[in-house]
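Please read the following note with the sequence and the model side by side. Each numbered point takes up one part of the structure.

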Amino acid sequence: MMDSVLESRLDRLVRRHDELRDALAGTGLSGTDFAKLSKEYSELSPIVDGISAWRRTLAELDAAADLADAGDDPELRALAAEEQQILREQLPALELRVKLSLLPKDEDDARNAILEVRAGTGGEEAALFAAELLRMYQRYAALRGWRFELLDLSETGLGGCKEASASISGRDVFARLKFESGVHRVQRVPETEAQGRIHTSAATVAVLPEAEEVDVRIDDKDLRIDVFRASGPGGQSVNTTDSAVRITHLPTGLVVIQQDEKSQHKNKARALKVLRARLYEIERQARDNARAAERKSQVGSGDRSERIRTYNFPQGRVTDHRINLTLYKIDKVMSGEALDEIIDAILAADHAARLAAAEG
């Protein structure tokens, strides 16, 4: 059961929710104030709903206990005892829901995301695996009803992908994909392997919260913008105009290249979008590093050099090393169908770790 300090905090949240409801029902609010209070009200509503459900169940449990102890009718007492058991079983989940709702929110969870996939060690086999990972996330986005827009793709000419970036937009995109950042390792027999030996290759995934212009200010004087002619796999020209754009952010040395669009203006806009996300991620990492205690309570470090998952094709298994979860359904994971099983387990582990840290 919750302690008195937590109960007082819940009371304050309920009172604030009531105050906001009354204020929004009144008149005299400016458009800015109305929008600000509406946002706070909508964020508090699910928390207060959870508090109400938990307290209602506690009250029903007390009533059932009184009836079971004091009733004269044996049949009625038996029904009350049965009701008690049902309500007791419901309480832990309701209490957990309340506690989770009180954990500090990641302010970036509701953002869209920039996905970056790069081939790592393993030559062409790594590039082929990177292309498969890109398709996995594209299929997963489609299954969740998200919009997946390919921003840049550098192919090997043999079906592989040296590096690629995509913009993914929809509900809770970053919240669900943020733990995908890291090194993804693949173990399988390449088609070109005559001896049938299993090779190990890797690809790196980075998921960055998409930043708006108001989040990251970029001065024109800090940018060097070069334009050149786009080229495809093997060096063949795919465009006859200088539409490809390379943007270098001079203070950090970050370089972004976009060449998939025929319009130089569109390529520049896309490159700035990716650059903004990378700069915002640098700021985000600095904030996280300053919160050392919180970082220890999270699942994995979020470092893109951390090996997070192994895809073993001969055994048909996918193992996430951060939570020691193994699924023997590699085909469904690669098609995006079973990716939710891994993501849900990681999010649950992260919630449990943060709850333990908050209560400890």
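1. The exposed face of helix α1. The model under review is a predicted one. On one side of α1, the residues S4, V5 and A25 are exposed.

2. The dimensions of helix α1.

3. The buried face of helix α1. Which residues of α1 are buried? They are L6, L10, L13, H17, L20 and L24. These residues lie on the same side of α1, because they cover an arc of only 85 degrees around the axis. The partners of this buried set are α2 (31–70) and α3 (74–102), against which the buried residues of α1 pack.

4. The largest pocket. Its volume is about 1,200 Å³. The lining of the largest pocket consists of 32 residues, and L100, S101, K105, D106 and D109 are the ones that lie nearest its centre. Two or more lining residues are given by each of α1, α2, α3, α5 (173–177) and α9 (339–359). Helix α2 provides the largest share of the lining, namely eight residues.

5. How many residues of the lining of the largest pocket are nonpolar, polar and charged? The lining divides into 12 nonpolar residues, four polar residues and 16 charged residues.

6. Residue R276. This residue is found in helix α6, which covers residues 264–290. Is R276 buried or exposed? R276 counts as buried because its relative accessibility is 13%, and the cut-off for that class is under 20%. Apart from neighbours within four places in sequence, R276 is in contact with A211, E212, E213, V216 and I218.

7. Residue E306. This residue is found in the loop between α7 (292–296) and β9 (307–312). E306 is classed as partly exposed because its relative accessible area is 22%, whereas a buried residue would have to fall under 20%. In sequence, E306 and S181 are 125 residues apart; in space, the two are 8.4 Å apart, C-alpha to C-alpha. The student may wish to locate this pair in the model, together with the loop that holds E306.

Definitions and conventions. Residues are numbered from 1 along each chain as its sequence is written. This is a predicted model: local features need pLDDT of at least 70, side-chain atom pairs count only at pLDDT 80 or more; totals for chains, interfaces and linings use all residues. Side-chain values use heavy atoms; hydrogens and water are left out. Buried means under 20% relative accessible area, exposed over 50%, partly exposed in between (1.4 Å probe, protein chains only). Helices (H or I, at least four residues) and strands (E, at least two) are DSSP runs, numbered from the N terminus. The arc is that of the directions from the helix axis to the C-beta atoms. Contact means heavy atoms within 4.5 Å. On a 1 Å grid over the protein atoms alone, a cavity is a set of points where a 1.4 Å probe fits but cannot get out, and a pocket is an open set with protein on both sides within 12 Å along at least five of seven lines; lining residues have an atom within 4 Å of a point. Grid points are joined across faces, edges and corners, and a volume is the space filled by probe spheres set on the points. Ala, Val, Leu, Ile, Met, Phe, Trp, Tyr, Cys and Pro count as nonpolar, Asp, Glu, Lys and Arg as charged, and the others, Gly among them, as polar.
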